[in-house]
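Subject: Handover of a structure and findings

Dear colleague,

Please find the structure below, handed over for your use. My notes on what was found follow it.

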Amino acid sequence: MRFIYITCNVSMQERIESLLHELSIKTYQVIPKVLAESDFDIPHRDTAVWPGFNTCLLVQEQDPAKADALIQRIREMNDGAYNNSELVSAYQWPIESFVAVEPIEEISNK
């Protein structure tokens, strides 16, 4: 199991989610409005002085090949970026233990 933290300008969120779907990565969460500062772009503080904000995606993937493919595709996206606002940061960790959620079967009232 791998955990991947992705952060990017909100303008890139749809592109990242499309990439997740393309790679059949189904378990992730989105934090839609993240205030951020980085060493490669202007601050995104959602203020009049520093407009804009980031988004954050938290990905859990059991297949290491899919996780590695996601990181590689993000590298390729960054190689083709037109400006710093199109750059995407991604970080991957192995997950040592977790609680897998199994759907609960509904009980019918007969």
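The structure holds four salt bridges, a salt bridge being a side-chain nitrogen of Lys or Arg within 4 Å of a carboxyl oxygen of Asp or Glu. Please note that this is a predicted model, in which local features need pLDDT of at least 70 and side-chain atom pairs count only at pLDDT 80 or more, while totals for chains, interfaces and linings use all residues. Residues are numbered from 1 along each chain as its sequence is written, and side-chain values use heavy atoms, with hydrogens and water left out.

Salt bridges

Helices here are DSSP runs of H or I with at least four residues, strands are runs of E with at least two, and both are numbered from the N terminus. E22 is exposed, at a relative accessible area of 51%, whereas R73 is partly exposed, at 28%. In these terms, buried means under 20% relative accessible area, exposed over 50%, and partly exposed in between, with a 1.4 Å probe and protein chains only.

A further salt bridge brings together the side chains of D46 and K33, at 2.5 Å from N to O. This pair links distant parts of the chain, 13 residues apart: D46 sits in the loop between β2 and β3, and K33 in strand β2. D46 has a relative accessible area of 36% and therefore counts as partly exposed; K33, at 49%, is also partly exposed.

E37 and R45 form another salt bridge through their side chains (3.8 Å, N to O). Here E37 is exposed at 58% relative accessibility, and R45 is partly exposed at 35%.

Backbone

D46 also has a positive phi, near 55°, although this residue is not glycine. S24 likewise is a non-glycine residue with a positive phi, of about 60°. S24 is located in the loop between α1 (13-22) and β2 and, at 37% relative accessibility, is partly exposed.

Surface patch

I42, V49 and W50 make up a nonpolar surface patch with about 300 Å² of accessible area together. Patches consist of residues with over 30% relative accessible area and no salt bridge, like charges being joined within 9 Å and nonpolar side chains (Val, Leu, Ile, Met, Phe, Trp, Tyr) within 5 Å. Accessible areas come from the Shrake-Rupley method with a 1.4 Å probe, and for residues only the protein chains shown count as cover. V49 lies in the loop between β2 (28-34) and β3 (54-61) and is exposed, at 64% relative accessibility.

Pockets

The largest pocket has a volume of about 290 Å³. A pocket is an open set of points on a 1 Å grid over the protein atoms alone, with protein on both sides within 12 Å along at least five of seven lines; lining residues have an atom within 4 Å of a point. Volume is the space filled by probe spheres set on the points, which are joined across faces, edges and corners. Of its 13 lining residues, M1, T27, Q60, Q62 and F98 lie nearest the centre of the largest pocket.

The second largest pocket has a volume of about 180 Å³. It is lined by 15 residues, with T7, A36, S38, F40 and N54 the closest to its centre. Strand β1 (residues 2-9) supplies the largest share of this lining, three residues.

Yours sincerely

Technical notes:
On a 1 Å grid over the protein atoms alone, a cavity is a set of points where a 1.4 Å probe fits but cannot get out, and a pocket is an open set with protein on both sides within 12 Å along at least five of seven lines; lining residues have an atom within 4 Å of a point.
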